[in-house]
Amino acid sequence: MKKFFAFVMLTALIAVSGEALAASWPKGRTVQIYVPFAAGGNSDLCARIFAKALNKKTGHNFVVVNQTEGNGAVCYNTVANARKDGSVIGWVTPSWFTSYFAGNHDLNPTEKFSTVAVTEAKTSQYLIVPKNSPFNTVQDLVAYCKANPGKLLFGMQLGSASHYYAENARQNLGVEWNYVETGSGDAKRVTAIMGNIIEATTVAVTLAQQYLEAGEVKVLAALYVPESTPESLRNVPTLKDAGFADITVKNCNFLYTARLDDSLCEEIYRTFAEVFNDAEVQKQLADMNQEQVLCPSYVDAVKMVEGLYDSYRNVAASLGILAPGM
């Protein structure tokens with residue numbers, strides 16, 4: 001009986017401690033969540049979902065600030081030079097890396113900031129070709145590329161995160177192809193595929209599913225193992241299933257701050273994790289086709305950002321787009 005009572009008391013203390021941590025951050029100040037993208041985009045809308053949920057969770061005021069100047073450079077400087085109390089945080093995609101490697105800002109993501117949390121899309125990116133393509137498998141495409149180096153026209157917005165996904169896939173397939181600029185967004189690449197302007201590209205799950213089910217494209221492979229897959233894509237192999245290696249640059253998001261003490265980063269992570277895993281928040285993300293998986297801890301976030309940084313840098317070097325001194 002005494003042991004049971006002690007267990008109950010310990011459980012209660014842990015719960016109270018967790019509530020106290022949530023209440024102590026942001027230590028009475030309004031928290032600004034800086035996003036380097038315009039209002040209305042997916043990253044902005046996700047940040048606003050989190051801000052609203054954090055307001056409710058902590059009782060403090062959280063506001064989203066869109067700071068797009070300098071391709072995100074101004075935003076990153078704002079976060080890096082903010083007060084060291086967690087009252088300014090950032091929410092960003094891998095453009096944090098790609099803009100750094102391109103020389104658009106000089107703040108190394110792994111050195112100048114603390115990454116508190118990393119989320120990764122539950123769904124994969126997909127390699128697609130036109131419906132009348134001679135390629136029925138990724139092995140068919142590889143065989144053609146090896147017989148005709150650099151001839152295949154692969155559509156992409158050059159310099160985008162999707163360009164990195166495609167280049168990582170190219171490396172792993174061991175082939176050469178010719179990149180063709182198609183403009184911003186998956187929809188433009190699908191239009192180019194359907195018009196037979198390009199011979200292959202990669203897109204996110206929503207368009208891969210939509211156009212496969214409509215019979216407008218073939219889907220040859222998922223670029224990495226997805227945690228969530230629509231029924232129509234479940235028979236699509238990953239690159240690894242096809243005998244190659246899955247890509248290591250991933251579709252992810254980062255919650256980051258100025259360099260902070262580990263204890264405060266842990267505190268912010270725990271509060272954010274409670275909000276992220278809330279059923280209503282998850283429903284809102286799913287409604288936006290933004291289903292994500294949160295890293296298990298702040299320690300894991302630090303390891304993940306370092307690994308992703310290395311993967312993105314290697315791809316940037318392969319593309320020949322590293323800024324001088326990188």
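Mentor: Let's start with the word itself: on a 1 Å grid over the protein atoms alone, a pocket is an open set of points where a 1.4 Å probe fits, with protein on both sides within 12 Å along at least five of seven lines, and lining residues have an atom within 4 Å of a point. Keep in mind that this is a predicted model, where local features need pLDDT of at least 70 and side-chain atom pairs count only at pLDDT 80 or more, while totals for chains, interfaces and linings use all residues. Residues are numbered from 1 along each chain as its sequence is written, and side-chain values use heavy atoms, with hydrogens and water left out.

Now, the second largest pocket holds about 230 Å³ of space; a volume here is the space filled by probe spheres set on the points, which are joined across faces, edges and corners. Its lining is Ile49, Lys52, Ala53, Lys56, Lys57, Glu274, Val275, Asp278, Glu280, Val281 and Gln284. Helices H2, H9 (262–276) and H10 (279–287) each give at least two of the lining residues, and H2 has the largest share, with five. Those helices are DSSP runs (H or I, at least four residues), numbered from the N terminus.

For scale, the largest pocket has a volume of about 1300 Å³. H2 turns up there too, as one of the elements giving two or more residues to that lining.
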